[in-house]
Amino acid sequence: MSEAKDVCEQICKVDKINAEAWLMLGMANKELGLMDAAIVALESAATLNPQDAFVQNEKGLLLAQAGRYREAIDAFKHALGDAPDPATVFVNMGVVYGLMGQPILALEALDQAVRRNPQAPTTHIQRSVVLGMLGQHEEALNAAKQALKLNRYDLEGNIRYSEALVGLERYDEALAAYGACLAIIPDHFPTQQRVVEICRKATFDSPSAAHYELLRRAFTWRHVNVQDMASFAASVFKARD
């Protein structure tokens, strides 16, 4: 990829109005993790060809990664002008509005995405995230259910379903749902961590064998002392007679 970057740089030096070369340079820099250079190249490509929806969308994604959210939104709005897949651009806008702490605008963008492509699980997952931010946990649960209807084995969809149940304080169901997440990826650390957090937070009068089994699966963290985790389990779930 570094060779491709070098070739593109040479072309851009010779032909400074070659929008395609600037685009390729931007993508090469992105692959190499040179995000600032990638943004500069894509900005040049966008200036030369402002109607190119792909360039504007890619530029928006990179700006969002850099924390330049307002500029990212502007790029996405430009991308919508000639986007062959506007649903994807609306999803990106929704995610960035969420990062900006503007869930109402995020939901509006994601609703636009659903209208254009209701079969994309990612859109429903992101709607669930935003609805959770708004405290609309029942609606968040329904959005997560819709995502799982489209792909029941999607890890992010299962996580969002679990989190919506946490928002509703349905902790037993949430733990069971997180168990489904661990069935998909058994050593998924964020899920293991979340299981323990929920067990700390929730109160279980009569913990079941399923609770203990789920905690046991969370204890597979390689960097956690097993004895310490066993002590923690005893403190969370009082010994049963």
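A contact is defined here as heavy atoms within 4.5 Å. The model is predicted, so local features need pLDDT of at least 70 and side-chain atom pairs count only at pLDDT 80 or more, while totals for chains, interfaces and linings use all residues. Residues are numbered from 1 along each chain as its sequence is written, and side-chain values use heavy atoms, with hydrogens and water left out.

Among contacts in the chain with a separation of 6 or more, 47% join residues 24 or more positions apart. The secondary structure comprises 14 helices and zero strands. Both element types are DSSP runs numbered from the N terminus (helices: H or I, at least four residues; strands: E, at least two).

The chain has 241 residues, and 44% of them are buried. Buried means under 20% relative accessible area, exposed over 50%, and partly exposed in between (1.4 Å probe, protein chains only). The chain exposes about 12900 Å². Carbon and sulfur atoms supply 52% of this area. Areas come from the Shrake-Rupley method with a 1.4 Å probe; for residues, only the protein chains shown count as cover.

C12 counts as buried because its relative accessibility is 3%. C181 counts as buried because its value is 0%. Disulfides number zero, under a rule that requires a pair of cysteine sulfur atoms within 2.5 Å.

R127 lies in helix α8, which spans residues 121-133. Its side chain makes a polar contact with the side chain of D111 at 2.8 Å. Such a contact is a pair of N or O atoms within 3.5 Å; within protein, one must be able to donate a hydrogen and the other to accept it, and residues adjacent in sequence count only if both atoms are side-chain atoms. Leaving aside residues up to four places away in sequence, R127 touches L107, L110, D111, V114 and A143.
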